[in-house]
Every structure is written in C-alpha cells, then in structure tokens.
Amino acid sequence: MTEVARQRERLTTEIAERREALRRITEPVHARIREQRGSQTRPAGPVDETGKPLLPIARWEFDDDLRDSIGNLHGVAKGNARLEAGAIVLDGQSFVETAPLKQPLKTKTLEAWVRLDDLNQRGGGVMSVETIGGQTFDAIVFGEKDPRQWLAGSDFFNRTLSLGGTPVESTGDADIHVAIVYASDGRITAYQNGKPYGKSYQSTGPITFAADSSHVLFGLRHSPPGGNRFLAGRIVRAQLYDQALTADQIADSAGAETGAISQRQLLAAMNAADRQQYDRLKTEVDQRERELRTLENANMWQSGPTAPWRELAHALLNFKEFIYVR
C-alpha cells in the first residue's frame, strides 16, 4: 500500500468514526424534537387554489416500514438499506425500489427530507422516477456536475443544467428539505428548505413515465445499480406529486409536513456537554475532510494524465549533462 493510500485510509476511517459519534449525539435529539412536535398542532401543509389540502399521489414516512402511506407504491430494500430511527439508512451501496406506477406521470414534483453522510460524494440519487431498467429517469441528485450542489439529474443530462445553487454545508446532523418541480412547459425549478435553490431553467421535457413500466427509487440515481449512482446518507421522508407545486406550496410543505429540523434547532435542543462534544467532533470532521481533499488534489496532480511529462521534466532537470550545460 502506498503512503497516499495509507493516509487516505486513515483519514476516511477517522472521518467515519467521528460521523458515527455525531450520529449518536444527534439522533436522540432528533427523536426528542419530533416527539415534542408530535404533541403540538402542526401548521397546515400546501393547499390548492380553492384552499383545500393538496395531497401527493405517494408518501413514504419511513417510520416503521417502506410502505406508501397514500397509494400502492410500496418500497423494497435492496442491499443493506434499512430503517432506523424514522429514516432509510443508505450506505452508498444500497437503495430502495418501489412497485410500478399505477398512473402515467408527466408534470410532477419530487420532494424529500435527507441527511447526507458525505458532502464530497458525487452523483448519488436521493429520489428518482425512472423507466424500469433506468433508460429514462428524472432525479434529485447530489454533486454530480458541481461539488456539493443539488441537480435535476436525467438520462445523459438530456434535461439537466447546472442549477448554480449554494453548495451544501451541512452533513448528517440536520434534515435538508429538497424538492424539484417539473412544470408542464418543461421548466425545472429546485428548492432547498422551502426556498428557491439556484436558478430555474427551460428543459426539453417533461417526459411521460408510463404506468406499469416506471417506478421510484431512493438512494440510487438510476438503474442498473453501480458506479457513483448510490447515495450515502438517510432519507427521512419523501413525497411524489403529479403536479408542479408553486413556490408557496413548496414553502408550506417544507415547514409543515414534518417540520425540517434546522441545525439551529438541533443545537438549541442539546445540553451543554453534548453541544461541546458535538462542536469538537464537527471541527475534527471538517479538518480531516480538508486534509483528504488536499491529499486527493495532490495525488491527482502526481498521477493524472500529465504525470509522464512532469516525470520527464523532473528527469531532465536532474540529468547531470543538462545541469552543467553552459
């Protein structure tokens, strides 16, 4: 094993150990906040033009099972995907696949509450609607084109442009609400925590996903499984609409359905000892992630496609006859 590989392994292990320690601190706090909220009257969710509650065609709570609590798009775990503390736990090699759609889907809104294990992962899918087999898909994707940014992923980027949103800075210690809206005219708009994310754009869509030959995925950008298509993190809740939600409806949903737990709320609910330990661990994770990025960048320079030319230049500079030429 090379020295670079040893350093990479050490840093990766130390990051994973500290993230697990962070999870042990934050998970009981998440549960306590949700329990307190459960005893309170929640604000109303999104409503339609007449003021009536606007319901999705599918909703996955992930509290006790992978079932769709509104329709029949029940999920099946693939690989090591499992339920824990009201969320799907995804290890970057597993996913959840639902039963086929019972109706065609064209105009739509994908919505999920997610916690990321690794901000440096590139291309993992949070939630995807795809034709069975993955030839055509639309998905909420993290970091595929731009590091730490959300993306409306699609087959061969046919309906994908960079959103230009603010890079995500929070890891697995807070729920992030993400929604992507696919309008009937092809416009795609993304949201994070109830607010517009980056810039909307005009696509060549929308695509119609046929009933019985399309389904929903969680934790996988598209089928077949493999490569960088997997997500490492937790999905707390997800919803699928057969219409394009408005900005106000997205804001209402983000704050009402589960009440996404912000980092400020999380920290405020901790006792002093947990907060001190949390701050220390978070600092250590951030420091090691910076070291790992520096290591990877340096290694890319040493082993990238221009490495042979650098080696030749280095050899020439150290060649005695070259050194003593006047």
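Here is a short exchange on confidence, rings, charges and cores.

Colleague: What kind of model is this, and what is its mean pLDDT?

Modeller: It is a predicted model. The mean pLDDT is 86, and 85% of the residues reach 70 or more. Residues 39-43 fall below 50. That stretch has 4 contacts in the model beyond near neighbours in sequence. Residues 303-307 are also below 50, again with 4 such contacts.

Colleague: How many helices and strands are there?

Modeller: The protein has 6 helices and 14 strands. It has 326 residues, and 46% of them count as buried.

Colleague: What makes Phe62 and Phe218 an aromatic pair, and why is it called edge-to-face?

Modeller: Take the distance first. The ring centres of Phe62 and Phe218 are 5.6 Å apart. The limit for a pair is 6.5 Å, so the two rings pair. Now the angle. The planes are 85° apart. Over 60 degrees counts as edge-to-face, so that name applies to Phe62 and Phe218.

Colleague: Where do the two residues sit in the chain?

Modeller: Phe62 is in the loop between β1 (58-60) and β2 (75-78). Phe218 is in strand β13 (residues 214-218). They are 156 residues apart, so the pair links distant parts of the chain.

Colleague: Is Phe62 buried or exposed, and how do you know?

Modeller: Its relative accessibility is 1%. Buried means under 20%, so Phe62 counts as buried. Phe218 is also at 1%, so Phe218 counts as buried too.

Colleague: What makes you say that the charged end of Lys108 sits over the ring of Tyr182?

Modeller: The charged end of Lys108 is 4.1 Å from the centre of the Tyr182 ring. The distance limit is 6 Å, and the charge must also lie within 35 degrees of the ring normal. Lys108 is listed as sitting over the ring. Arg237 sits over the ring of Trp113 in this way, 5.9 Å from its centre.

Colleague: Which residues touch the most other members of the largest nonpolar core?

Modeller: Trp60, Met127, Trp150, Phe218 and Leu240 do, in a core of 40 residues. Met127 touches residues including Trp60, Val216, Phe218 and Leu240. A second, separate core has 15 residues, among them Ala21, Ile25, Leu266 and Leu267.

Colleague: What share of the contacts with a separation of 6 or more comes from residues 24 or more positions apart?

Modeller: The share is 67%.

Conventions:
Residues are numbered from 1 along each chain as its sequence is written. This is a predicted model: local features need pLDDT of at least 70, side-chain atom pairs count only at pLDDT 80 or more; totals for chains, interfaces and linings use all residues. Side-chain values use heavy atoms; hydrogens and water are left out. Rings of Phe, Tyr and Trp (its six-membered ring) pair if their centres lie within 6.5 Å; planes under 30 degrees apart count as stacked, over 60 as edge-to-face and the rest as tilted. Helices (H or I, at least four residues) and strands (E, at least two) are DSSP runs, numbered from the N terminus. Buried means under 20% relative accessible area, exposed over 50%, partly exposed in between (1.4 Å probe, protein chains only). pLDDT is the predictor's confidence in each residue, from 0 to 100. Contact means heavy atoms within 4.5 Å. A nonpolar core is a set of buried Ala, Val, Leu, Ile, Met, Phe, Trp, Tyr and Cys residues joined through side-chain atoms within 4.5 Å. Lists of a residue's contacts leave out its neighbours within four places in sequence.
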